[in-house]
Amino acid sequence: MEPVEEPVAEPVVEPVGTAEVQEQVRNRRALRHKRSSRVEVEPPVWFMGQVVSAMSTRIGAFTYLVGGVVDDCSSIGRYCSIAAGVRIGEADHPVDWLGTSPFQYDGTRFGWHPTAESYQVSAIDSGPSGSFWRDPVVIGNDVWIGAGAVVRRGVTIHDGAIVAAGAVVVGDVAPYTIVGGVPAKPIRRRFDDATIAELLELRWWRFTPQQLDGIAFHDPARALVQLRERVPSLEPYEADTTVLTG
Ligand SMILES: CC(C)(COP(=O)(O)OP(=O)(O)OC[C@H]1O[C@@H](n2cnc3c(N)ncnc32)[C@H](O)[C@@H]1OP(=O)(O)O)[C@@H](O)C(=O)NCCC(=O)NCCS
């Protein structure tokens, strides 16, 4: 069975890719990653502080991360703001096995020491309630995750959602919903149903700031009118993605 890995920072590898790509991924050196992790970004993306990546992740354009751990999170959309100290998609341990320690299912945990030689691990899905392993986190577009938030593995955070500072998100977050607390509960929706439906149809994050120039983002009702008019003539921005991890 494949060893299960937890997010332990490893030394930064030297920047890879062309100089041009590195210019489009700001402060790429702040990304620390496990050897097995694959971080693919669609520029521009900005690592403002140390981000530890443990598994494979795709990060969309115009997203910035101030810092924290991105463990099992298959994708982060465009125009996301990820604050300091977030912990996204870290592993659960078994809660109804005899023990909680990963040594039960992960032979690499202590297999490096003679006391754990020849120890046969149990399969992750062999416990009384089946697998305790969850799907990766998925984060949509225009999502703001506040400082110190924890997002449990298996959760999907939909477009336009906000996670309050310090929240522990244990279930999916609907589009344009603000959640907060421990466990996180909806605080309110950002807009009425009709506005949310229209925003999800318009998907303004397909475009660059330049293409969106002049849209009254501070005035959602007016911005919607402007977007409705402009979006049909815009070509969605597409950038070559680049893999930052070697
Ligand atoms: C959630 C947040 C966005 C405010 O949203 P808002 O809709 O304007 O919230 P309000 O201030 O109107 O408060 C609404 C309710 O949410 C509660 N609330 C606000 N922030 C909360 C938090 N972090 N955790 C739990 N509840 C929170 C308020 O107490 C209030 O509860 P009440 O209705 O029972 O009185 C903000 O508090 C927050 O957490 N921002 C993150 C800041 C941050 O981490 N920045 C990092 C830089 S990227």
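Begin where two domains meet: 11 residues of domain 1 are in contact with five residues of domain 2, a contact being two residues whose C-beta atoms, placed from the backbone, lie within 7 Å. On the side of domain 1 that touches domain 2, four residues are nonpolar, three are polar and four are charged. In this grouping Ala, Val, Leu, Ile, Met, Phe, Trp, Tyr, Cys and Pro count as nonpolar, Asp, Glu, Lys and Arg as charged, and the others, Gly among them, as polar.

Before going further, note that this is a predicted model, in which local features need pLDDT of at least 70 and side-chain atom pairs count only at pLDDT 80 or more, while totals for chains, interfaces and linings use all residues. Residues are numbered from 1 along each chain as its sequence is written.

Next, colour domain 1 (12-92 + 134-190) and domain 2 (192-237) separately; these bounds come from an automatic or database domain assignment. The centres of the two domains, taken over C-alpha atoms, are 23 Å apart.

Now select strand β9 (residues 73-76), which pairs in the parallel sense with strand β6 (residues 57-59) over two bridges, and is joined by three bridges to strand β12 (residues 137-139), again running parallel. Strands here are DSSP runs (E, at least two residues), numbered from the N terminus, and two of them pair if DSSP finds at least two bridges between them. Within β9, zoom in on I76, the bridge partner of I59 and also of I139 in β12.

Definitions and conventions:
Helices (H or I, at least four residues) and strands (E, at least two) are DSSP runs, numbered from the N terminus.
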